[in-house]
Amino acid sequence: MKRSLSLTIGASLVGLVAVLALVSFFWMPFDPNHVDPASRLLPPSWPHIMGTDHLGLDIFSRILAGARICLLVGVIAVGIGALVGVPLGLIAGFAKGWFPKFVLRTADIIYAFPALLLAILLAAANGHGSVVTAMVAIGISSVPAFIRVARAATLQVVNQDFILAARTSATPKYTIALQHILPNIAPVVLVQSSVSFGLAILAEAALSYLGLSAPPTTVTWGRMLFDAQSYLFSDANLALWPGLFIALTVLGCNLLGDGLREVLDPRLQEVR
Amino acid sequence: MVDTARTLESSEPQATVLPEYRVRDLTRLFRQSGTGASKTLLAVDSVSFEVWPGQRLGIVGESGSGKSTLIRMLSALQLPSSGVIEFRGKSIVGLDEEGLSELRSSVQLVFQDPRSSLNPRWRVGRIITEPLRAPLLRRTQRVPLSAEGRQARMYEVMEKMGLEPEMAKRYPHEFSGGQRQRIAIARALAPKPSVLIADEAVSALDVSVRAHVLNLITDRVRDDGLTLLFVSHDLSVVRHVCDSVLVMKSGRVVEAGPIAQVYTDPQQRYTQELLSAVPRIRTQFD
């Protein structure tokens, strides 16, 4: 396997967030929702290593707890996007007739709606915003990217002679799609997944900030940012930590995507 | 080599023998949708010929002369615009896969570029046995139905192509061009076809490897009594492998006949030019 600096850094950053989320299930220094007026707005110090916010909540504990929602949203949104987008994109690249056109035009229409608008729509339909409406909204809006990427990769694969060879021995279409095309477009889909993962986390943070995602009792990095904005000039510490972790996670996802692209590119693989 | 005596000049064969292929007025148009008026390209233009069992027919012509389009129509990968293709007396134009079962179980292709014709994510063993796992071919009972039978057939064709059994576990990118082409030929031979179509099968190979692969092909064609359609732009290769030849230019057949006749006494200017081995720069054509 080829070495890639982007891959190493990206995987480490994403891995760090995953570790934070895992740790939060077993151990947190404080209850992330325990209000303690006596120790509000403390700077980073022991035992509050990242300080406390305006309600005296321990910021480090809240960062740990927030990592869970962050990853959950990323996984579910990318899951929806890939599970819906990849089959549609593959069929759109492989099939003939009206169906591919229909899929592509529909993807264009969805593409025109920002995730934010979709989330507001779903939240309105649902009565109130929740993590689920946020994940579904982000998931749906990531579908068109998966359709396009999967279709473009499929178009490259279907012109190769091994598809013709499969057809000369009457290999059924679904076997060609699942066994020939899918493994060959998997690297591209993986790269897209990691990029979409970063975008989903960013979108969720924005939705939390707007109050369209989790309820106030659920800790998310976006909501922490929202709570911090009244103290931005007096206690920047409150905004610094969630902002930093959102940025690092999204950066990690993008680097991971770039690194995967470098490592998995079949043209580069051919040379080794 | 008994059947190979029946070549193009035998226009009146015994009534009992059906040609493998009978092609009449085969035409294929491509629409080129550019800016403004859409142009049409005649890739194959009113081509007619027969291929008899055991015949080794070379199809030659410069690139763009319609060779590839022709054989793709013969193997039902592309539909003709008009004309008749009969395989063993039955038309194959516009049939669904079920209707093509006779053709699919009897005709196999070898492609030009073995990098593109082998799935890079499959192991060699899986690549070679792919035709043996196709449901349609299994229904025709021509291929072994058990896993052991498939395995045995795989090792059989690998040995015929000079491939080591342990190579079945490896991936295509671990092999050289010549080895890959032998893998592609092994796959084509696995379902025991009666017609082998080779599309520039040795053109992408080094000269040193080319002769080896060519000899393997001619051995198989001779020993298994295959009918061969050998597409090439290289006339010396065709002379080595084939007993008759079809010369194509701009989608038309300009000359056809037994190798000896066409090579010693070419009737067409175009064939004469193709035959003059040394490439040279001309100021104008014809």
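User: What percentage of the 272 residues of chain A count as buried?
Analyst: Keep in mind that this is a predicted model. A residue goes into the buried class here if 20 or more other C-beta atoms lie within 10 Å of its own. For the 272 residues of chain A, the share that counts as buried is 46%.

User: How many helices and how many strands does chain A have?
Analyst: Reading along the sequence of chain A, you get the pattern α-α-α-α-α-α-α-α-α-α. The C-alpha trace of this chain spans about 80 × 50 × 30 Å along its principal axes. The tally for chain A is ten helices and zero strands.

User: Among contacts in chain A between residues at least 6 apart in sequence, what percentage join residues at least 24 apart?
Analyst: A contact here needs C-beta atoms within 7 Å. Take the chain A contacts between residues at least 6 apart in sequence; the part joining residues at least 24 apart is 72%.

User: Over to chain B. Which strands stand at the edges of its open sheet of six strands?
Analyst: The strand order in this sheet is β6-β7-β8-β3-β9-β10, with mixed pairing. An edge strand has a single partner, so one side of it is left without a neighbour in the sheet. In chain B that picks out β6 (107–110) and β10 (252–258).

User: By how many degrees are neighbouring strands of this sheet turned against each other on average?
Analyst: We're still on the six-stranded open sheet of chain B. Ignoring direction, its neighbouring strands are turned against each other by an average of 15 degrees.

User: In which sense do β6(B) and β7(B) pair, parallel or antiparallel?
Analyst: Strand β7 of chain B covers residues 195–199, and four bridges link it with β6(B). V107(B) stands opposite V195(B) in β7(B). The sense of the β6(B)–β7(B) pairing is parallel.

User: Which helix packs on the sheet touching β6 and β7 of chain B?
Analyst: Helix α1 (residues 67–74) of chain B packs on the sheet too, but its list of touched strands reads β3, β7, β8 and β9. The helix you want runs over residues 177–189, and its direction makes about 175 degrees with that of β6(B). That's α6 of chain B.

User: And in the open sheet of four strands, which residue of β4(B) does T27(B) stand opposite?
Analyst: The order in that sheet of chain B is β2-β1-β4-β5, with antiparallel pairing. Strands β1 (residues 21–32) and β4 (residues 82–87) of chain B pair over five bridges. Opposite T27(B) stands S82(B).

How values were computed:
Residues numbered from 1 in each chain as written. Chains lettered and ligands numbered in written order. Predicted model: local features only at pLDDT ≥ 70, side-chain atom pairs only at ≥ 80, totals over all residues. Helix = DSSP H or I, 4+ residues; strand = E, 2+ residues; numbered from the N terminus. Buried ≥ 20, exposed ≤ 12 C-beta atoms within 10 Å, placed from the backbone. Contact = placed C-beta atoms within 7 Å. Pairing = 2+ DSSP bridges. Axes fitted to C-alpha atoms, helices over the stretch in contact; angles between N-to-C directions.
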